[in-house]
Amino acid sequence: MNHHQHYLSLDTILYHKQNATPLDNPKLAHFNHTLYRTLSKLPADHIDWQSVIGGDNTAFPSEFQPLSMAYAGHQFGQWVGQLGDGRGLLLTQILDTQGKLQDLHLKGAGKTPFSRFGDGRAMVDSTVREYLCGHALSYLGVPSSTALGFVVSDTLIKRQQTVRAAALLRVSDCHVRLGHFEWLAAYHPKLFGEFTHQMIATYYPALNRHDVHGFLHEVCRNTAKLIADWQLVGFSHGVMNTDNLNITGTTLDFGPFGMMERFNPNWINNHSDHHGRYVYQNQPTIGHWNLQRWLSCFELLSINHSVMLSCLNDYQKTLHTKYDDGICQKIGLPKSSTSLSLAYEFVGLLKSYELDYTNSFRALIATSDDSNTHEKILLDSFVNELSHQEQGLEKWQDWLARHQRCVHQLTTPKASVQLMKKSNPVYVLRNAMAERAIRQAYHDDFDEVARLFDLLSRPFDVQDIATTDDITPTSRHDMMPVSCMS
């Protein structure tokens, strides 16, 4: 590995160097060989990854210099002050085989000075969910942290009950959060300017390191693109605190997330989100709110309000443009005023009748090409469900007639189908799928993790390894929020 520990060159007040706390008898549950090949040209077995992910410091290569980061943030809209890596360690930073900076970050590594009242450990539940969802989003084309592998151990931790601890080796292009800047602005403002210039040089090298205006615009645009991607695939992050968004626009810190099934934009997927602040429908607004908090820190560098307003306008314009392009593609049409109207109307239909988000978009393929068996089954189910709803069938038939006219006017049925096939996945990580893998993992059976990992590596292709459960939406009454406990 080509180690490139730039974070260690920063002021030592920003981090705490420390060892991991080893887990008892860690067992490597899954290893991401495809990801590894993008990180190093050496054989994977030149490092004992089971021991590394299990927190055995003696197995760490000499280039690993673990550290926990300090940062702050707004959580659920409230300033909470000092935060930091409470159970994670940045083991090293490397340049991958394409010369791109990547962080190797061990999650579940034990206590740090920032653990507060936590034990620094991670549950099997949250570890499996993050491992599979980071992988799934990446293959859906959504910028996301992923993971090299995870272990399940014999170490016991207390949550609602005593459970086994796990750990995950996260890979991300950036762990510098909006909250890093908030922390410096609040507690160490004299370091703020130099930190900003170093972040520009590291993560936006095409800019001059002193081009703060350009940096602010780029971060806002990348955040907008990320959230548009979330909206298009039906991903609800669940805990969009300012310490959970980074400066490159990469999905980070999976917690009580949920993939939209029955389309209810106000579905609360986070058990701790009592007022629905972080529901799917609010994600664009919360991104804007978080960026406002972040941008206000730059008053320290004499950035005026007109610049901040320009950045936020850039955020909104970028998000709307990317989402509108994408939602038209999902119904197989090039963007136009008519296409947009049809796309938003279709989303409204899904909302009115709480239809499955992923299956409904994929079913549209069969309206232009009924030779696709899987999509034909989805369409039959879609129509059948609407037929039992008041005015459901009439609204669908009216929409379909207008959609088909647009297909023939603006493109061709063949081109429309091709566009829909690459824009609408067959498979996403539904909560029930993750739960099955978690239950088996507690018994050291990782076959379901491996199957889902393979399935989600090709989410746009119908696959023989899939089961009916992989495409079956959760019933309306069973759409339960996920606990923040991890």
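**Note on the loop sites and the cores**

1. D253 sits in the loop between β12 and β13. Strands here are DSSP runs of E, at least two residues; helices are H or I runs of at least four; both are numbered from the N terminus. This is a predicted model: local features need pLDDT of at least 70, side-chain atom pairs count only at pLDDT 80 or more, and totals for chains, interfaces and linings use all residues. Residues are numbered from 1 along each chain as its sequence is written, and side-chain values use heavy atoms, without hydrogens and water.

2. UniProt, in an unreviewed entry, places a "binding site" feature at N244 and D253. Such annotations may be inferred rather than shown by experiment.

3. Is D253 buried or exposed? D253 is buried, with a relative accessible area of 13%. Buried means under 20%, exposed over 50%, and partly exposed in between (1.4 Å probe, protein chains only).

4. N244 is in the loop between β12 (235-236) and β13 (258-259). N244 is buried too, at 8%. Beyond four places in sequence, N244 touches R177, H237, V239, L252 and D253; contact means heavy atoms within 4.5 Å.

5. The largest nonpolar core has 125 residues. Such a core is a set of buried Ala, Val, Leu, Ile, Met, Phe, Trp, Tyr and Cys residues joined through side-chain atoms within 4.5 Å. Helix α6 (residues 212-233) gives the largest share, 12 residues. A second, separate core of 30 residues includes W49 and F60.
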